[in-house]
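Here's a friendly walk through one protein model. Have a look at the picture first, then read on.

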Amino acid sequence: MLSNWHTLIKNKAVSQVSTLLADDVTLYSPVIHTPIKGKEMVSMYLTAAFHTFLNGSFNYDREFLSNNAAVLEFSLKIQDIDINGIDMITWNEQGKITEFKVMIRPYKALNMINDQMTAMLDQLKNS
């Protein structure tokens, strides 16, 4: 499963994100206080995240793996702010993502990312 995720990120294959998600997937966003549930909604939020994060500076720096989960530490730069965070991904026996948690620092980056993702989500909803 993880190799498919890395390929998707490397190729910026935003349109394929839903193929990696279980129907009952849950996303825990660093900026939204309630979990986002279901393949369609999580796919939309991850698509907005890809448009925000995959700007050429995004990189996974380290991985921590277990049988059906991974913690991926990432770094990137947006508007001269050095950002780092983690993606915590859990998947089921079929290799589909069931849970996705994102944590980001520093705080000022969180506000900026929230603004950019909100604008992208509005575009996605209206298209």
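Predicted model: local features only at pLDDT ≥ 70, side-chain atom pairs only at ≥ 80, totals over all residues.

Residues are numbered from 1 along each chain as its sequence is written, and side-chain values use heavy atoms, with hydrogens and water left out.

**The sheet**

Let's begin with the strands. Helices (H or I, at least four residues) and strands (E, at least two) are DSSP runs numbered from the N terminus, and two strands pair if DSSP finds at least two bridges between them. Here six strands make an open sheet with mixed pairing, in the order S2-S1-S6-S5-S4-S3. Strand S2 (36-37) and strand S3 (59-65) stand at the edges with a single partner strand each, so one side of each has no neighbour in the sheet.

| Strands | Sense | Bridges |
|---|---|---|
| S3 and S4 | antiparallel | six bridges |
| S1 and S6 | parallel | four bridges |
| S5 and S6 | antiparallel | eight bridges |

Across from Glu 73 in S4 you'll find Arg 62, and Asn 59 stands opposite Ser 75 in S4. Thr 26 stands opposite Glu 99 in S6, while Met 88 has Lys 101 in S6 as its bridge partner.

**Helices over the strands**

Now for the helices. Axes are lines fitted to C-alpha atoms (for helices, over the stretch in contact), and angles run from 0 to 180 degrees between N-to-C directions. Contact itself means heavy atoms within 4.5 Å. H1 lies across S3, S4, strand S5 (81-91) and S6, running at about 170° to S3. H2 lies across strand S1 (21-28), S2, S4 and S6, at about 55° to S1.

**The cavity**

How many cavities of 30 Å³ or more are there? The count comes to one. A cavity is a set of points, on a 1 Å grid over the protein atoms alone, where a 1.4 Å probe fits but cannot get out; lining residues have an atom within 4 Å of a point. Grid points are joined across faces, edges and corners, and a volume is the space filled by probe spheres set on the points.

The largest cavity holds about 230 Å³ of space. Its lining has 21 residues, with Leu 46, Ala 49, Phe 53, Asp 87 and Val 102 nearest the centre. Helix H1 (2-10), helix H2 (39-53), strand S6 (97-105) and helix H3 (107-125) each give two or more residues to that lining, and H2 gives the most, with five residues.

Is Ser 43 buried or exposed? Ser 43 sits in helix H2 and is buried (under 20% relative accessible area), with a value of 12%. Leaving aside neighbours within four places in sequence, Ser 43 is in contact with Val 17, Ser 18 and Leu 21.

Asp 80 is in the loop between S4 and S5. Asp 80 has a relative accessible area of 72%, so it counts as exposed (over 50%). The C-alpha atoms of Asp 80 and Ala 109 are separated by 9.9 Å, though the two residues are 29 residues apart along the chain.

Methods. 1 Å grid on protein atoms, 1.4 Å probe; cavity = no way out; pocket = protein on both sides within 12 Å on 5 of 7 lines; lining within 4 Å. Buried < 20%, exposed > 50% of the residue type's maximum accessible area, 1.4 Å probe, protein only.
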